[in-house]
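Here is a set of questions and answers for a reader new to this structure. Each answer works from the atoms to a value or a name.

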Amino acid sequence: MKSTSLSLIAGAVALAAVTGFAALNVPGDDGATEAGASSRLPVERSSLLCPAPGLSDLAETAYTSFTPPATGEGEAGTAELKSPAADTKKDDEEKDKSKSEDKSKDKSKDKAAGSDKPVVALKEPGKPVTADVSGSDAPALVGTATGRLAPGWSAQQTTTVEAGDGRGVLGVSCTAPDTDFWFPAASTAKTREDYVNLTNPDDTAAVADIELYGPDGTLKSDVGEGITVPAGSGVRVLISTLTSKAAEDVTVHVTTRTGRVGAVVRTADSKTGSDWLTASAAPAGTLVLPGIPADATSVRLVAFAPGEDDADLTVRLLGKTGPFAPVGNEDLHVKSRMTAGVDLKNLTRGEAGSLLLTPTQKDRATPVVAALRVVRGKGDKQEVGYIPATGPVGAQATAADNRSKGSTLSLTAPGAAGTVKVTASAGSKAGTPVSKTYKVAAGTTLAVTPPVPSGLKGTYALTVQTQSGGPVHAARTLALPQDGIPMFTVQTLPDDGGTVEVPAAEQDLSVLDD
């Protein structure tokens, strides 16, 4: 008699539909999975999107792709980042193939093969690969990882622009496609030039809506509705063209009617330079914004309550020795569907920290989204960066692009103390991995210079793994000073989704065969 657990198989099917395919062990003759026990399984497919780097001919962009070392058996797989236009062109040529003569077909095939070459192709887990692109014509990139390269696959895009209004270091962790994004801390002010970058990885068009919310509520616009993002292509929208009202603090909400996209905001300020603003964590009553640099000269908090209720928040900085309230800004009231912004001035007092937002009334947790606009430097030597609210490290998270100098890792434990292991990977050209364990005290932020691979040549990745204790949130600051300007960028490190927990069957829905 043979028994097959339908409920567990159904769970695996649902999991595959959402996150990619997972290698699932179904309880059987080997008894590998105990009744009532859940298991974490590696995904077998991951997708990432990198926005078009920028508008400057002076832009120099470095891409870094990395997957942490894998355990167990599995197919080697592939992990490639390439221009989405290459896939679209290749598909069009294949559709016309039957209508072409042999000579034309051969020519088209060669042309397609050339355009289809990946910009970055990862070969093995545990060792990053890099690629460099110059100028303003660098395209958006789409990527898929399979097999052993899929779990925890990450990619970083770091662009340096040495001069002009868009100067600065613009760093972004390439993101997975989705259907809903919140971006507090954007702006339609006269000194700002902020673009929403939308990238469509699929072979059918996506239709997106962009909503804007200022301090007084909705910034009405008809042109932000029904934006078509062609198959395998990217669209860049200057948000100040969507409304006639100038506002210092704007929350951008991107949703899709059909399809899915990658979305990120490229900000540029005439005084403080440029950087990427990535999406806030999903609306929640409690938010953590880790990684405020110790030498920040300006910190501005922007928050938004998307629901019908106002939000009353307690604001605390988690510093080296514990939490404290910013003088004069201990609390923040956020009206429903109105963007609230507040300058926290000399928040850090020379110590790195993280911001914790909690409901003033514990029994009334109104969901909010939030981000920080952080400035380093003074006068004409200022540089801006952004820190969105983010989730905890979870099982593991990675910052892919690190150099021999310039990286600072911020670890914060908003609740109970937590312990994490930080691993510096092999270098892209040479270097031996190094690991170090850190314990983060409850209610504090620990800012460290992370370990560097022994004998490093090239760049390397940092992977943070939770070992024990409470949740730890993390961010990596990459500082690349230029001509006296403290250029920098901050990337948060939420769980990479490399594994997914599959619950055990609660009820035996089995098929019995004689």
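Q: How far apart are the closest N and O atoms in the salt bridge of Asp209 with Arg257?
A: In this predicted model, Asp209 lies in strand S13 and Arg257 in strand S17, so the pair ties together parts that are 48 residues apart in sequence. The closest N and O atoms of Asp209 and Arg257 are apart by 2.9 Å.

Q: Which strands hold Glu501 and Arg40?
A: Glu501 and Arg40 form a salt bridge, with the closest N and O atoms 3.9 Å apart. The pair ties together parts that are 461 residues apart in sequence, because Glu501 lies in strand S39 and Arg40 in strand S2.

Q: Where in the chain does Asp295, the salt-bridge partner of Arg376, lie?
A: The side chains of Asp295 and Arg376 meet at 2.9 Å, N to O. This pair links distant parts of the chain, 81 residues apart, with Arg376 in strand S27. Asp295 is partly exposed at 40% relative accessible area, while Arg376 is buried at 12%. Asp295 lies in the loop between strands S20 and S21.

Q: How many of the eight residues of strand S27 are buried?
A: In a regular strand the side chains alternate between the two faces of the sheet. On one side of S27, Val369, Ala371, Arg373 and Val375 are buried, and on the other Ala370, Leu372, Val374 and Arg376 are buried. Strand S27 is therefore largely enclosed by the rest of the structure, and the number of its residues that are buried is eight.

Q: Which residue of S28 is the bridge partner of Val375?
A: Strand S27 runs antiparallel to S21, with eight bridges joining the two, and Ser298 stands opposite Val375. S27 also runs antiparallel to S28, joined by six bridges. In S28, the partner of Val375 is Val384.

Q: Which residue takes a positive phi in the hairpin of S27 and S28?
A: Six residues sit between the two strands of this hairpin. The phi in question is near 90°, and the residue is Gly377.

Q: How many strands are there in the protein chain?
A: Of the 514 residues in the chain, 49% are buried. The helices number three, and the strands number 40.

Methods. Residues numbered from 1 in each chain as written. Predicted model: local features only at pLDDT ≥ 70, side-chain atom pairs only at ≥ 80, totals over all residues. Heavy atoms only, no water. Buried < 20%, exposed > 50% of the residue type's maximum accessible area, 1.4 Å probe, protein only. Helix = DSSP H or I, 4+ residues; strand = E, 2+ residues; numbered from the N terminus. Pairing = 2+ DSSP bridges. Salt bridge = Lys/Arg side-chain N within 4 Å of Asp/Glu carboxyl O.
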